[in-house]
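Hi there,

Here is the structure I promised to send over. Have a look at it first, and my notes follow below.

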Amino acid sequence: MPRKKLTRRPVELLPAETVCSILKLALEDIIEDDMMTTAEAEHRIIAGGLPFPHTMASVCRQWRDVISSAPELWTRIFCIIPHKSEHQTLISQLRKACGHPVHLTIINKHNHLKQNEVPGILNCIALHIEQLKSLRIRNFYSLYIEEYCNALAGHAPQLECLQVTGPKLLGCWTTRERIPPLFKLDCPTLRILDIDHKVAHSLDHQWLKNNLTNVESVTLSFGDELPCYGPSYLVDHVPKALNAVPGRIPCLIIDGLQFPFQTISGIKHKDLKIGAEKVVVRGCMKVLDMVDEYCKTIVIRDCEFVEDPRTRKLPSSDTLEFDGCFGGSLEVAPLTPSWDGDTVTITNSDSLCLKAIFVLLGAPFKDSSCSLWPRVTTLKLVAKDDFVLKFPFKMLKAMISSRREAAGQENLGKSKVELDAIGFKRVRPIMVLHVHGGQGLLRKEREWFEEQVRDFVWDCKKR
C-alpha cells in the first residue's frame with residue numbers, strides 16, 4: 001500500500017521570521033498589560049501552566065527553535081520568592097536576553113524579614129541595572145534594609161517604569177522616623193512611577209527632582225490599609241513629595257486613599273495642594289481637596305457621588321469624568337459640589353449617580369431647579385462591556401429644557417466661543433449630547449433631542 005504523505009500543521013508552515021514577529025507582538029501586549037496592573041504571582045503564568053515564552057516553545061519544534069534563537073523573547077522575567085531555584089532562573093533568563101532591555105518583576109510571598117534569597121537576587125540585578133526597561137517589586141520588606149537598598153543602585157538609562165509596593169503588614173519598624181532612602185537608582189528616562197503609601201513615606205525629594213523630569217504618570221495607592229503614621233503624614237508628606245516632581249505631573253492617580261475630615265481642614269489650613277494636568281481618584285472623592293485649581297481633567301472612579309455634605313466645590317478643570325460611580329438617595333444627598341468646567345462624561349455608573357448629576361446640571365428637584373454646573377455644554381453617557389445603561393429619561397429631557405430656558409432664547413444659537421466673548425455668566429444650554437450603549441429610542445423622541453441639542457448622537461446597545 002502506498003504510504004500516506006505526512007502533512008504539516010498550518011502553524012508549522014509559517015516562516016521563522018513570521019513566527020518571531022508574531023511572538024514579539026504578543027510579548028509587547030503582555031508587557032503593556034503588566035504596566036497597567038499591580039504585579040501578582042498568578043500573572044507569571046500566561047497559558048498551559050508555563051510562563052511566556054516557555055508556553056509558546058511547547059507548540060512545535062520549529063517554534064521552540066525560533067524562541068531559543070531569539071533573545072528579545074526572553075526579556076520578560078518573573079521572580080517569585082520563596083522559590084529554591086528562582087536565583088538560577090533569573091541568571092539563566094538574563095543570559096538568554098543577551099543584553100536586550102529587560103522587564104523584571106519580583107514578587108515576595110514571605111511575611112517576614114528573613115529572606116535568604118534576597119541578597120543573591122539583588123546582587124544579580126545590580127550587574128544588569130543598565131538593561132532594565134521596567135522594574136516591579138511587590139511586597140518587598142528587604143528594600144527597607146539599608147544594605148539591600150545599596151545593592152539596588154546605579155545608572156539605569158533605559159528604565160521607564162518603576163512599580164514598588166512595601167510589605168503587606170505594617171510593623172512598627174516601617175514607621176520609624178529614620179528610614180533609609182528607598183531609591184538609589186539614577187533613571188533619567190523614567191515615565192511611569194507606581195508606588196504605595198509605605199514606599200512614599202521614605203521617598204527622597206531630591207531623587208524625585210532628579211529622576212522625574214520626563215514622567216508621564218504617577219500612581220500613589222493605599223489599597224485597603226489606612227496609613228498608621230496619622231493624618232499629619234497625609235497633610236505634609238504626600239503633597240510635598242508630589243510637588244517635588246519637576247513641573248506639573250501629566251497624570252496623577254490616587255487609589256484608595258481614605259482620611260477623616262480633620263485631615264482635609266489641615267490641608268486647607270496649610271494651603272498644600274497637588275498640581276497635575278489630569279487627576280484620577282479611585283474610592284474616595286475627598287481626595288480632590290488636595291488638588292489645585294489648574295488641572296484640565298478630573299476622573300472619579302468607583303466612588304459614591306455625592307458622598308458628604310462638606311464636599312462644597314470640585315477643583316476647577318475643563319472635563320469631569322465618572323467611571324463606575326454610584327449614588328445614594330436624592331432625599332439625603334446634599335447636592336452641593338459646584339464646578340466650573342464644560343464637559344461631563346459618565347461611564348458605567350448607576351442610575352442614582354446619573355440622577356444626582358442631572359440635578360446638579362439643572363433638572364428640577366423638589367419643585368425647583370438650580371444648576372451648580374452652569375458652564376457645561378457637553379454631556380456624554382457611555383456603557384462599556386456588559387454594563388446596562390439605565391437613567392431617568394424624563395429627567396434628562398427636563399434638564400435639557402431647564403438649561404435652554406435659563407440661557408434665554410437669544411443665546412441658544414451661540415457657540416461656546418461666542419458666549420465666552422460676550423462674558424456670558426448664566427447657565428449654558430447642552431450643545432453636545434452623546435449616548436453610547438443606551439436604551440432604544442423612539443423616532444419621536446429622537447426628533448425632540450435633535451431639535452433641542454446641536455450635536456446629538458444616540459447609539460443603542462447591541463443585544
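Helix α1 gives the most to the lining of the second largest pocket, with six residues. This is a predicted model, in which local features need pLDDT of at least 70 and side-chain atom pairs count only at pLDDT 80 or more, while totals for chains, interfaces and linings use all residues. Residues are numbered from 1 along each chain as its sequence is written, and side-chain values use heavy atoms, with hydrogens and water left out.

The second largest pocket holds about 320 Å³ of space. A pocket here is an open set of points on a 1 Å grid over the protein atoms alone, where a 1.4 Å probe fits, with protein on both sides within 12 Å along at least five of seven lines; lining residues have an atom within 4 Å of a point. The volume is the space filled by probe spheres set on the points, which are joined across faces, edges and corners. Of its 17 lining residues, E28, I31, T75, H103 and K133 are the closest to the centre. The elements giving two or more residues to this lining are α1 (16–36) and β5 (132–138). Helices (H or I, at least four residues) and strands (E, at least two) are DSSP runs, numbered from the N terminus.

Next, the strands around β17. Six of the seven residues of β17 (residues 432–438) are buried, so this strand is largely enclosed by the rest of the structure. Buried means under 20% relative accessible area, exposed over 50%, and partly exposed in between (1.4 Å probe, protein chains only). Strand β16 (residues 378–382) runs parallel to β17, joined by five bridges, and L381 has V435 in β17 as its bridge partner. Strand β18 (residues 455–460) also pairs with β17 in the parallel sense, over six bridges; two strands pair if DSSP finds at least two bridges between them.

D302, in the loop between β13 (297–301) and β14 (319–323), has a positive phi near 55° and is partly exposed at 41% relative accessibility. D385 also has a positive phi, of about 55°; D385 lies in the loop between β16 and α12 (393–407) and is exposed, with a relative accessible area of 70%.

Finally, the cysteines: a search of the whole structure finds zero disulfides, counted as pairs of cysteine sulfur atoms within 2.5 Å. C20 is buried at 13% relative accessible area, and C251 is buried at 16%.

Best wishes
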